[in-house]
Amino acid sequence: MTTAETAPFQFFSLQVDRTRRLGPSLVRVTFTGEDLKRFASGGRDQSLSLFLPHPGQEAPVLPPLDDPDMYAILGAWRAMPDDERAVMRSYTVREQRTDPNEMDIDFAIHAETSAAGAAGVGPACRWAGRAKPGDRVVVLGPAVAANTGVRFQLPEDADSVLIWADETALPAASAILEWLPAETRAQVFLEVPYSGDRMDLATEADATVTWLVREEGAPSAVDAVRGAELPGQAPYVWIAGESGAVKALRRHFVRERELDRRRVTFVGYWRKGLSEDALREVPDETQEEA
Ligand SMILES: Cc1cc2nc3c(=O)[nH]c(=O)nc-3n(C[C@H](O)[C@H](O)[C@H](O)COP(=O)(O)OP(=O)(O)OC[C@H]3O[C@@H](n4cnc5c(N)ncnc54)[C@H](O)[C@@H]3O)c2cc1C
């Protein structure tokens, strides 16, 4: 029987320990809390659901979190008024550490607000831009490392990897690069808004990183990867970011290059013009047949 203690995904009450600006587009928020002792990130692109307070609230508003049935809690949360219940958004565990127990999430600060440092356009972006030590959040995340929130699943026979990520998936791509086995051949395309978003990435893989900087006139996602050769016999492709770009890349790899669709992982992280709440109400265009 699944109890609250054995469920693969559980609720965790955390607080902000510190924040750090990584560049014009990314803010790292480091969380702490006793609950992190039972948190178990699977690494790579481990995702979680983050519940945030609305401006003026001291803490995110959720139903009691002690029900062993996570779906019952989510149902009760959904039944609460929109302007009262916590805002839920998807994020990636950039890194989990023990001793001390800490977890980092890197937040992309949306374009129009990043340079001036003014309030962001979405509630999560706005929250991250103003986060300070002691701020409280709730996370629905993994309590076991082998969980379905890790989508980067390198096939055993893979002999090369291609990664494309925009700034929202840069935290996931960075963690994947840290995880990749030594010497793995990897071609990595990272699309970011500003020159100052380039950063050093740690990896033991044999990785070639291409930064695609929009303010420097970067080509479209498909044009950027079009010339990339996939070395070896058994490549694996991981693509995540704005869903229009992800969809175009999916078509390129599956239809034009005729890659086996089981060896490609595509995840739309956000969609231009739609909040994540609105996105949950529409079909996932990145998963349509290529
Ligand atoms: C599995 C998964 C993992 C993710 N991991 C991360 C992560 O680690 N870091 C991260 O920053 N994001 C991550 N995202 C993306 C993040 O959830 C979205 O960007 C989300 O929309 C941000 O919420 P918001 O409240 O700021 O904006 P919303 O209220 O959702 O949207 C408001 C408006 O802002 C636009 N918008 C949203 N994001 C951006 C953006 N980056 N640039 C420009 N406009 C935008 C929307 O199209 C909408 O018009 C992830 C998404 C998924 C599905």
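## Exercises on a predicted model: ligand shell, pocket and backbone

By class, 11 nonpolar, nine polar and six charged residues make up the shell around the ligand. The model is predicted, and the exercises below start from this shell.

**Exercise 1.** Determine which residues come nearest to the ligand, and which elements give two or more residues to its shell.

*Solution.* Step 1: the ligand has 26 residues around it, and those that come nearest are Arg89, Ser90, Ala108, Arg271 and Glu276.
Step 2: polar atoms of the backbone are then examined. For aspartate 106, a polar backbone atom is 2.9 Å from a nitrogen atom of the ligand. An oxygen atom of the ligand lies 2.6 Å from a backbone N or O atom of arginine 271, and for glycine 273 a backbone N or O atom lies 3.0 Å from a ligand oxygen atom.
Step 3: on its own the ligand has 920 Å² of accessible area, of which the protein covers 89%.
Step 4: two or more shell residues come from each of strand 4 (87-92), strand 6 (102-108), helix 3 (123-130) and strand 12 (264-270). Strand 4 supplies the largest share, four residues.

**Exercise 2.** Explain why the ligand lies between domain 1 and domain 2.

*Solution.* Step 1: domain 1 spans 9-142 and domain 2 spans 160-287.
Step 2: both domains give residues to the shell around the ligand, and the ligand therefore lies between them.

**Exercise 3.** Describe the second largest pocket by its volume and by the residues closest to its centre.

*Solution.* Step 1: the volume of the second largest pocket is about 270 Å³.
Step 2: its lining comprises 14 residues, of which Pro53, His54, Pro55, Trp127 and Asp135 are the closest to the centre.
Step 3: helix 3 contributes the most to this lining, with four residues.
Step 4: sorted by class, the lining of this pocket has five nonpolar, three polar and six charged residues.

**Exercise 4.** State where proline 100 and arginine 44 are found, and which backbone feature each shows.

*Solution.* Step 1: the reference case is that most peptide bonds are trans and most residues other than glycine have a negative phi.
Step 2: the peptide bond from aspartate 99 to proline 100 is cis, its omega being near 0°. Proline 100 has its place in the loop between strand 5 (95-97) and strand 6.
Step 3: arginine 44, a residue other than glycine, has a positive phi, near 55°. The loop between strand 2 (26-32) and strand 3 (47-52) holds arginine 44.

Methods:
Residues numbered from 1 in each chain as written. Predicted model: local features only at pLDDT ≥ 70, side-chain atom pairs only at ≥ 80, totals over all residues. Heavy atoms only, no water. Near = heavy atom within 4 Å. Polar contact = N/O pair within 3.5 Å; in protein donor to acceptor, adjacent residues only side chain to side chain. Areas by Shrake-Rupley, 256 points an atom, 1.4 Å probe, with all protein chains shown as cover. Nonpolar A, V, L, I, M, F, W, Y, C, P; charged D, E, K, R; others polar. Domains from an automatic or database assignment. 1 Å grid on protein atoms, 1.4 Å probe; cavity = no way out; pocket = protein on both sides within 12 Å on 5 of 7 lines; lining within 4 Å. Points joined across faces, edges and corners; volume = space filled by probe spheres on them.
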